[in-house]
Amino acid sequence: QEYSYALGNNRPSLTGIVAVSDEEAWAVGGRYIFHKADNDSVWVRSHTTNNGYSLYGITSHNIGGNTLTAVGGSADDGCWMVNYNGSAPSPSWTETQISGCNGPLLNITASATLIFMNNATELIRYNGMSSQASGLASLVNDLYFSPLADQLYIAGDNGYLVICDNTGTGCTTRTGFGVADLTGVAMLDNLNGYAISRSGTFFQTTDAGLTWTQRQTVNSNLY
């Protein structure tokens with residue numbers, strides 16, 4: 001089903017979405033966070049960032065007393081997290097800047113105990129109270145934590161695909177993509193998953209990401 005939400009002449013591009021149930025979902029785009037409560041409801045604006053920076057990703061979790069985190073920022077404003085505590089007596093959004101981080105934050109995913117985010121050059125691990133950063137060897141386009149495989153998958157430009165353990169460390173680089181700019185990665189279960197490239201190629205793994213095989217190319221860019 002298709003929904004629309006009009007902001008006058010200001011219609012931001014949506015850059016992230018997460019479903020928290022069969023009916024409920026959240027999305028981000030521009031300065032805004034949108035919410036759809038169930039299948040019968042329309043999208044409504046839930047929050048607008050205070051400093052005017054844009055948001056690029058959102059994920060659900062149960063870390064540090066929060067249930068949702070959106071990320072974004074800008075080169076001027078730095079890196080920002082927007083946390084939502086939906087279980088509080090009065091649910092609210094809290095904006096937090098990550099010190100020493102060059103914005104914006106571009107992607108986000110979460111395990112049971114850690115939130116993983118990235119800017120242009122770093123992977124950032126956040127436990128609800130403090131963050132740690134480590135360098136990345138390529139521009140990263142997608143992060144995906146698989147609870148079934150218990151691994152973090154990082155996809156980026158020039159055939160960059162890295163698999164890390166559930167702490168975001170112990171990472172190994174995987175090959176088989178040539179110089180394809182990988183724009184997305186996801187796992188279906190503990191063994192099977194797919195990666196896609198900007199040039200329209202699908203890659204498949206059947207062994208939790210140890211090896212990847214090119215399966216199909218479509219005449220379209222994939223993101």
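## A buried alanine in a loop

Ala 208 counts as buried, at 16% relative accessibility. Here buried means under 20% relative accessible area, exposed means over 50%, and partly exposed covers what lies in between, with a 1.4 Å probe and protein chains only. Ala 208 sits in the loop between strand E19 (201-205) and strand E20 (213-217). Although Ala 208 is not a glycine, its phi is positive, about 70°.

This is a predicted model, in which local features need pLDDT of at least 70 and side-chain atom pairs count only at pLDDT 80 or more, while totals for chains, interfaces and linings use all residues. Residues are numbered from 1 along each chain as its sequence is written, and side-chain values use heavy atoms, with hydrogens and water left out. The labels for strands (E, at least two residues) and helices (H or I, at least four) are DSSP runs, numbered from the N terminus.

## Ile 163 and its neighbours

Ala 208 also turns up in the surroundings of Ile 163. Which residues does Ile 163 touch, leaving aside its neighbours within four places in sequence? They are Gln 151, Leu 152, Tyr 153, Gly 170, Cys 171, Thr 172, Arg 174, Ala 208 and Gly 209, where contact means heavy atoms within 4.5 Å.

Ile 163 belongs to strand E15 (residues 160-164) and is buried, at 4% relative accessibility. Leu 210 is 47 residues away from Ile 163 along the chain, yet their C-alpha atoms are separated by 8.8 Å.

## Two loops to look at

Is Asn 158 buried or exposed? Asn 158 is exposed, with a relative accessible area of 55%. You can find Asn 158 in the loop between strand E14 (151-156) and E15. Asn 158 is not a glycine, but its phi is positive at about 60°.

Another loop, between strand E8 (92-98) and E9, holds Pro 104. The peptide bond that runs from Gly 103 to Pro 104 is cis, with omega near 5°.

Strands of a sheet pair through backbone hydrogen bonds, in either a parallel or an antiparallel way. In this model, 4 strands in the order E1-E2-E3-E4 make an open sheet with antiparallel pairing. Strand E1 (16-19) and strand E4 (44-48) are its edge strands, each pairing on one side only. On average, neighbouring strands of this sheet are turned by 20° against each other, direction ignored; the axes are lines fitted to C-alpha atoms (for helices, over the stretch in contact), and angles in general run from 0 to 180 degrees between N-to-C directions.

Two strands pair if DSSP finds at least two bridges between them. Strand E3 (residues 32-36) and E4 have 4 bridges in the antiparallel sense, and His 35 stands opposite Val 44 in E4.

## The largest pocket

How much volume does the largest pocket have? The answer is about 710 Å³. A pocket is an open set of points on a 1 Å grid over the protein atoms alone, with protein on both sides within 12 Å along at least five of seven lines, and lining residues have an atom within 4 Å of a point. Of the 29 lining residues, Ile 58, Asn 107, Ile 108, Asp 142 and Leu 143 are the closest to the centre of the largest pocket.

E13 gives the largest share of this lining, 6 residues.

Notes: On a 1 Å grid over the protein atoms alone, a cavity is a set of points where a 1.4 Å probe fits but cannot get out, and a pocket is an open set with protein on both sides within 12 Å along at least five of seven lines; lining residues have an atom within 4 Å of a point. Grid points are joined across faces, edges and corners, and a volume is the space filled by probe spheres set on the points.
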